Amino acid sequence: MPEVIFPGPEGRLEGRFHPGLRPRAPVALILHSHPQAGGTMNNKIVQLLYQTFVKRGFATLRFNFRGVGKSQGVFDNGIGELSDAASALDWVQQIHPEAEQTWVAGVSFGAWIGMQLLMRRPEIKGFISIAPPANMYDFSFLAPCPSSGIIIQGEADEVVTPPAVQKLVDKLRTQKHITIHHDTIPGANHFFANELDLLMKSVDGYLDMRLSQPVPPPTIAGKR
């Protein structure tokens, strides 16, 4: 789990990176929760997501948004943080330019950033959004959502209201050519404090299902 420092839009960004162990290893980027509410790359859920992707052979990066830990810059209400995430993905892709697939996973604020990133990066083929703050931020940019993924919500989330997340899920499920899974974890609060095992069971079950499917060949201009 080597510490890495890589260039971001406002200076260096601090991360932890586990390289892929084979050519064309898939890539996963993990995004932490709100920096002004104590979110860092060392939060428990972020670490668990990191570990499960590493275990599956992904080249996996988690990092601190600007102004967190050793990352330079100051909080930028999501605009700069989206640029940080894009820079982080660029950095991983320089190491693994032929990755067979790319995933993004985010927690709360990080889920909002991750879903914006997949709108801008067509190579992202799967996402995991944990407690996306649909009652606090605008998700209308998902028009249409380009990738299939899973949204996981705590039944007793006191920060992100479950009805707001359900409304987002319902909207995304009207789209063709993607599949949105939705799991609600019984009794779980916003931090899944006593339900981390159930949370990761949901994550791992979804990854088992998706990663058992054949990876489509890369698109070549003019051919299918």
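**Close-up views of the predicted model**

**View 1. Strand E3 beside strand E5.** In E5, Val104 is the bridge partner of Leu29, in a model that is predicted rather than determined by experiment. Strand E3, residues 27-31, and strand E5, residues 102-107, run parallel and are joined by five bridges. Leu31 stands opposite Gly106 in E5, and Gly106 in turn stands opposite Ser129 in E6. The pairing of E5 with E6 is also parallel and extends over six bridges.

**View 2. The two covered faces of strand E5.** E5 is mostly covered, with six of its six residues buried. On one side lie Thr102, Val104 and Gly106, and on the other lie Trp103, Ala105 and Val107, all of them buried, so that both faces of the strand are covered.

View 3. Eight strands form an open sheet with mixed pairing, in the order E1-E2-E4-E3-E5-E6-E7-E8. Strand E1, residues 3-8, and strand E8, residues 180-185, are the edge strands, each of which pairs on one side only. From one strand to the next the twist averages 20°. Helix H1, residues 44-55, lies across E2, E3, E4, E5 and E6, and runs at about 165° to strand E4, residues 59-63. Helix H4, residues 162-172, lies across strand E7, residues 148-154, and E8, and runs at about 165° to E7.

**View 4. The packing of helix H2 against helix H3.** Two packed helices are described by the angle between their axes and the distance between the axes. For helix H2, residues 79-95, and helix H3, residues 109-120, the angle is about 60° and the axes are 9 Å apart. The crossing of H2 and H3 is right-handed. From H2, the residues Glu81, Leu82, Ala85, Ala86 and Leu89 meet Phe109, Ile113, Gln116, Leu117 and Arg120 of H3. The residues of this contact divide into seven nonpolar, one polar and two charged.

**View 5. Phe63 and the largest nonpolar core.** In soluble globular proteins, nonpolar side chains tend to be buried together. The largest nonpolar core here holds 37 residues, of which Leu29, Leu61 and Phe63 touch the most other members. Two or more residues of this core come from each of the elements E1, E2, E3, E4, H2, H3, E6 and H4. Apart from this core lies another, of 25 residues, which includes Ile45, Ile152, Met200 and Leu207. Once neighbours within four places in sequence are left aside, the residues in contact with Phe63 include Phe6, Leu13, Leu29, Ile30, Leu31 and Met41, as well as Glu14, Gly15 and His32. Asp84, Ala85 and Ala88 are also in contact with Phe63.

**View 6. Gln175 in the loop between H4 and E8.** Gln175 is found in the loop that links helix H4 to strand E8. Because its relative accessible area is 15%, and buried means under 20%, Gln175 counts as buried. When residues up to four places away in sequence are not counted, Gln175 touches Leu142, Pro144 and Cys145.

Definitions and conventions:
Residues numbered from 1 in each chain as written. Predicted model: local features only at pLDDT ≥ 70, side-chain atom pairs only at ≥ 80, totals over all residues. Heavy atoms only, no water. Pairing = 2+ DSSP bridges. Helix = DSSP H or I, 4+ residues; strand = E, 2+ residues; numbered from the N terminus. Axes fitted to C-alpha atoms, helices over the stretch in contact; angles between N-to-C directions. Contact = heavy atoms within 4.5 Å. Left-handed = near helix turned anticlockwise from the far one by under 90°. Nonpolar A, V, L, I, M, F, W, Y, C, P; charged D, E, K, R; others polar. Core = buried A, V, L, I, M, F, W, Y, C linked by side-chain atoms within 4.5 Å. Buried < 20%, exposed > 50% of the residue type's maximum accessible area, 1.4 Å probe, protein only.
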